Amino acid sequence: MTDMAASVARFAAMGTRVELHLFGCDDPAPLAAAKAAILSVEDALTIHRPSPATALNDALSSGGSAVVDDPLLFAALVQVDALWRETGGLFDPSLGDWSSLTMDRNGRRVSTSRPLALDFGGFGKGYALDHAVVALRAMGVSSALLSAGESSIAVLGPHPLGGGWPLAVPHPEDEGAWLVELELQDASLSISSTTGAGAAKPGRAAMVRPADGAIVAAPATAVAAAATGAEAEALSTALLVANPAARNRLRAAAPDSRFLFPHAAPVGAERALEPTA
């Protein structure tokens, strides 16, 4: 092993392309552990094939209740509940019905007072990267960049050349133009947009405002950095669907790490994305 040794894994998961870049490490075991952590989260949260999440949705769709045996799913529900509260209900994977859901954390029972279904699409990638970071830390990895579809990014430790990781967020429609540059260390980044190639991806669900069920169609991109991928995902979603007053409150809490770019406004500069070492 050398300080500049590197290893890379690329694979499909969570409905997107995942890339894991480890530095100072040429042992294949940490990559395997991180990949396994991501696939375990996918197995627990996916609604595109039978899973613990679909079993829970079957129970909740009739206004019933269920005991959640899967630890990853139950931990996700607890975290989503905290993020729903943190964002004032703007992040809501039940599309406005989260307030009807109750959790008995001791008995791990989840109940709802009216029919609902959960979709972890706006949360799962960041949550999966969080678990991959935990797996890498446990195996002694001290420098890594993890990406899920380039809209969810986690960085572990310092850049291999020292300092933070320089990340630039590109304009989704103007090739070569960027929206914002950030320097992160031991943090995560999430990008949510109503326009561009990602938003036009086949099967991509529309962005919906939980308060009234309205589709958010105005061309804009939200960017959020946070200590965890799950929080960053929730915040970027919340910023995109929030009304101006709520958005200003969210931004005021961390103005250097939470951004909303309406695409009628000018971009930062003519410069390409620079997310790597």
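**Overall architecture and selected contacts of the predicted model**

Of the 277 residues of the chain, 51% count as buried (under 20% relative accessible area, with exposed over 50% and partly exposed in between; 1.4 Å probe, protein chains only). The model is predicted: local features need pLDDT of at least 70, side-chain atom pairs count only at pLDDT 80 or more, and totals for chains, interfaces and linings use all residues. Residues are numbered from 1 along each chain as its sequence is written, and side-chain values use heavy atoms, with hydrogens and water left out.

The secondary structure comprises six helices and 13 strands. These are DSSP runs, numbered from the N terminus (helices: H or I, at least four residues; strands: E, at least two). The accessible surface of the chain is about 12,600 Å², as given by the Shrake-Rupley method with a 1.4 Å probe, where for residues only the protein chains shown count as cover. Carbon and sulfur atoms contribute 55% of this surface. Among contacts in the chain with a separation of 6 or more, 61% link residues 24 or more positions apart; contact means heavy atoms within 4.5 Å.

Seven strands form an open sheet in the order S1-S2-S6-S7-S10-S11-S12, with antiparallel pairing. Two strands pair if DSSP finds at least two bridges between them. Strands S1 (6-13) and S12 (258-262) are the edges, each pairing on one side only. From one strand to the next, the twist averages 10 degrees. Angles run from 0 to 180 degrees between N-to-C directions, and axes are lines fitted to C-alpha atoms, for helices over the stretch in contact. Within the sheet, S7 (residues 152-156) and S10 (residues 187-193) are antiparallel and share four bridges. Here Val155 lies opposite Ala187 of S10. Helix H1 (residues 28-45) packs on the sheet and touches S1 and S2. The direction of H1 makes about 20 degrees with that of S1.

A further antiparallel pair is formed by S8 (residues 165-170) and S9 (residues 177-184), over six bridges. Trp165 faces Leu184 in S9. The hairpin of S8 and S9 has six residues between the strands. In this hairpin, Gly176 adopts a positive phi near 90 degrees.

Strand S2 (residues 16-23) contains Glu19. Its side chain makes polar contacts with two neighbouring side chains: that of Arg17 at 3.0 Å and that of His21 at 2.9 Å. A polar contact is a pair of N or O atoms within 3.5 Å; within protein, one must be able to donate a hydrogen and the other to accept it, and residues adjacent in sequence count only if both atoms are side-chain atoms. Beyond four places in sequence, Glu19 contacts Ala9, Arg10, Leu145, Leu146 and Ser147.

H1 also packs against helix H4 (residues 124-138). The angle is about 145 degrees, and the axes lie 8 Å apart. The crossing is right-handed (near helix turned clockwise from the far one by less than a right angle; left-handed if anticlockwise). From H1, the contact involves Pro30, Ala33, Ala34, Ala37, Ile38, Val41 and Leu45. H4 contributes Gly124, Tyr127, Ala128, Leu129, His131, Ala132, Ala135 and Leu136.

Ser61 is placed in the loop between helix H2 (52-60) and strand S3 (65-67). This serine has a relative accessible area of 42% and is therefore partly exposed. Leaving out residues up to four places away in sequence, Ser61 touches Pro115 and Leu116. The C-alpha atoms of Ser61 and Arg114 are 8.0 Å apart, although 53 residues separate the two along the chain.
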